[in-house]
Structures are given as C-alpha cells and as structure tokens.
There are 2 protein chains.
Amino acid sequence: LQENIRTAFSKFTNFTDTEWLDFSECFKTKHYKKGEYFIKEQAHCNYVGFIVKGLFNYYYLIDGVQHTRQFFFAHNFISDYSSFLLSRKSKAYIQALEDSSVILIHKNDLAIHYEKIPKIQKLGRKMAEYLYIIVSEKYESFLLKTAEERYLELIKSRPKVIKHIPQYMIASYLGITPEGLSRIRKRIAKK
Amino acid sequence: LQENIRTAFSKFTNFTDTEWLDFSECFKTKHYKKGEYFIKEQAHCNYVGFIVKGLFNYYYLIDGVQHTRQFFFAHNFISDYSSFLLSRKSKAYIQALEDSSVILIHKNDLAIHYEKIPKIQKLGRKMAEYLYIIVSEKYESFLLKTAEERYLELIKSRPKVIKHIPQYMIASYLGITPEGLSRIRKRIAKK
C-alpha cells in the first residue's frame, strides 16, 4: 500500500527514501463506510485527505436539499480547503458514497513538513492548483453552459461519475432536478 | 519600487538578496490605462500578475452582459489561473478599472524559477491558495447567501469595492440588476 501511495505522490514531487519516510510518518489511514462523513457543516476541517480508494460527494445542504459541488475519486486530494486554510468552520459536507480509504494529513503536520522538507511546498502548490482548477471550472461551467452541455461534458471528462453515482446526485451536481436530467438523457439518446 | 515589491512578496516567502535579484530579473512591469485588458476571452493567459497599483474587473461576457467574478486590488495576484495552468484559452476578461501597474511573470519563467529557487514553490503555493479561497468563497456565497447578505458581506470585507467601483458593476458582482441593488441599499439605509 505504502508503495502505491508513494507512486501516486510522485506525480506531484519526487521524494528521496529518507524524505518519504519522514513525511509518511504523519499519515493516518482512515476507512469510511458508505455514508460516513469526511467533514460536516459547522466542523473545522483540519485535514487534507488523499483518497486511496473510494468516492466522495462534496455538497451543501440548503433547506434540506443537497447541492453537489463536486465528486472526488481515488488518487485525488480532498478537503474543505477554505476551512483548512483559514481555520474556520466548514459550510459543506463531504460524504463517502462507497466504502473508502483516505490518507489524512493534519494541517499542523503539513505546516511542519513544509518547513522541514522544502519540496513538500511543491506538493502543496500542486494540491492547491488542483483544487483551484476543480472549483473554478465548476463556477465557469455553471455560468457559461447549459445543463445539457454540462452533462455532455461530464460524460466525456468523467465517465466514472456516470457509472458509480445515482442519477439524482448527478442531477444535483448539474444543478437541475432528476426530471430535468431524465429529459436531457432522452434528448441525447434520440440524437 | 523594487523594494516595495520585495516587501510585498516577503508576505509569502523570504528571499535572500541573491535569490531576489535572480527571480526579479524575469519581472516585466506593464502599465494598463483604464479600460485596457490583462486578458480577453479566447486568448491564452501566459502570465500571472502582481498588481502594484490599480484595480481590475474579472468578468465573463454572456450575451453582451458582463458577469463579474471578482475585483482585484493592489498587492494581489491576478491571472486566469486555469488558462495559465492548463495552457488553454481563457473564457474570461480581466480589465483595468483605473490606470494600473502590474508585474508580469511569464509561465515559462515561473517554471524555471520553481526548479532553480525551491522557496518559490512556497510563493506558488500561496498564490494558488489565495486564488482558490477567492473563487471558492464566491461559489459558496452565491449558493448559500441572499443578494442582501452578499452585499453586507462586501461592505464589511471589502469597503474599497464600494468606494471605487460603479454601482452597476457591484450589482453584476452580486448577481443582481442595478435596480435590485438600489432596492437593497434603500432597505439597508432604513434599518
């Protein structure tokens, strides 16, 4: 397992054996059963996670209705990063959609390792850039695209989403009702 | 000027004289007259800018109507960072709202200096984290707050916005019509 994780992290920056040993000492592996939460509204998000296996739904709850911001798959970082960076309460929920395993890094440990092993700054940069791109794309897609365009984009760029996630959650991600999604799917099927 | 900029950058990371001399060699200072563009839709955003003085409007144009994503003030980084990071065309406009000066760093220069001076990774991390927080907050605020709450938040957190920016642009930032903003202002004045 450790070797797999090291390979995954080497996408971001290369560690020497000593550096990796030092850094990985602060990793905590946590298992989430389907339905369990990485973070809930009003809690402080003190961890950044690296999903080893599984799938998470990052959503807001408004008047009892879930509004999905993003789905996160294996080998991606996950966090309410504003809450993490600004040390304030989360406004979101991040919930496991299937049994999942995550490597957790506490923000104090990350801060220590940033100073101790300078190349972890690069990992931190890549992490922030990745999370930036994800949310910025979502913002642009809501502003500039129709629900149908967003759905076609999703099928193309994230076929896994389609496969693993219930339709009503995909509808929530697209910002439409399940009925709206059903109409879009029928329209596409006819083309 | 260089000393001011060095002080501003020292918020993010501390440079030795040699490092600063090396890094700052790739800075290009560009002056924008009011109305000029840092980036336009369909162009590649190859620079990250650090605003020395001035004010910029980061907006999308939809059916001829401006939708402001964010205003950027002096001593902040500015870029269409998705376009910058992913080397693809911008979907946005970034326009000077007053005569402005910006330090530009080309992405190739930044990439070279990331490897040459490791602590610039920290600067890059801080830059990405800042841009992440800005867009993530905007996303949450649109989803979770009313226009009136967004306006009150803006007055509190960014009094400069209120002072320097025409009302119709503030309305665009808030996602409402100028008439809607006018009604909100009257309602607040009565309280």
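Visitor: Which residues lie nearest the centre of the largest pocket?
Guide: This is a predicted model, in which local features need pLDDT of at least 70 and side-chain atom pairs count only at pLDDT 80 or more, while totals for chains, interfaces and linings use all residues. Residues are numbered from 1 along each chain as its sequence is written, chains are lettered from A and ligands numbered from 1 in the order in which they are written, and side-chain values use heavy atoms, leaving out hydrogens and water. A pocket is an open set of points on a 1 Å grid over the protein atoms alone, where a 1.4 Å probe fits and protein lies on both sides within 12 Å along at least five of seven lines; its lining residues have an atom within 4 Å of a point. The largest pocket has 33 such residues, and those nearest its centre are Tyr130(A), Ile133(A), Ile134(A), Glu137(A) and Leu86(B).

Visitor: Which element gives the most to the lining of the largest pocket?
Guide: Helices (H or I, at least four residues) and strands (E, at least two) are DSSP runs, numbered from the N terminus. The greatest contribution, ten residues, comes from α5(A).

Visitor: How many charged residues are in the lining of the largest pocket?
Guide: Ala, Val, Leu, Ile, Met, Phe, Trp, Tyr, Cys and Pro count as nonpolar, Asp, Glu, Lys and Arg as charged, and the others, Gly among them, as polar. Sorted in this way, the lining has 14 nonpolar and five polar residues. The number of charged residues is 14.

Visitor: What is the volume of the largest pocket?
Guide: Grid points are joined across faces, edges and corners, and a volume is the space filled by probe spheres set on the points. For the largest pocket, this gives about 810 Å³.

Visitor: Which element supplies the largest share of the lining of the second largest pocket?
Guide: This pocket holds about 450 Å³ of space, and among the residues closest to its centre are Ile133(B) and Ser157(B). In chain B, α5 and α6 each supply at least two lining residues. The largest share, eight residues, comes from α5(B).

Visitor: Which residue of chain A meets Glu140(B) in a salt bridge?
Guide: A salt bridge is a side-chain nitrogen of Lys or Arg within 4 Å of a carboxyl oxygen of Asp or Glu. Glu140(B) lies in helix α5 of chain B and its partner in the loop between α3 and β7 of chain A, so the pair joins two chains. The N to O distance is 3.9 Å, and the partner is Lys91(A).

Visitor: Is Glu148(A) buried or exposed?
Guide: Buried means under 20% relative accessible area, exposed over 50% and partly exposed in between, with a 1.4 Å probe and protein chains only. Glu148(A) has a relative accessible area of 12%, so this residue is buried.

Visitor: Which residues do salt bridges join into one network?
Guide: Glu148(A) forms a salt bridge with Arg187(A) at 2.8 Å and another with Lys191(A), also with the closest N and O atoms 2.8 Å apart. Through shared partners, the network contains Glu148(A), Arg187(A) and Lys191(A).
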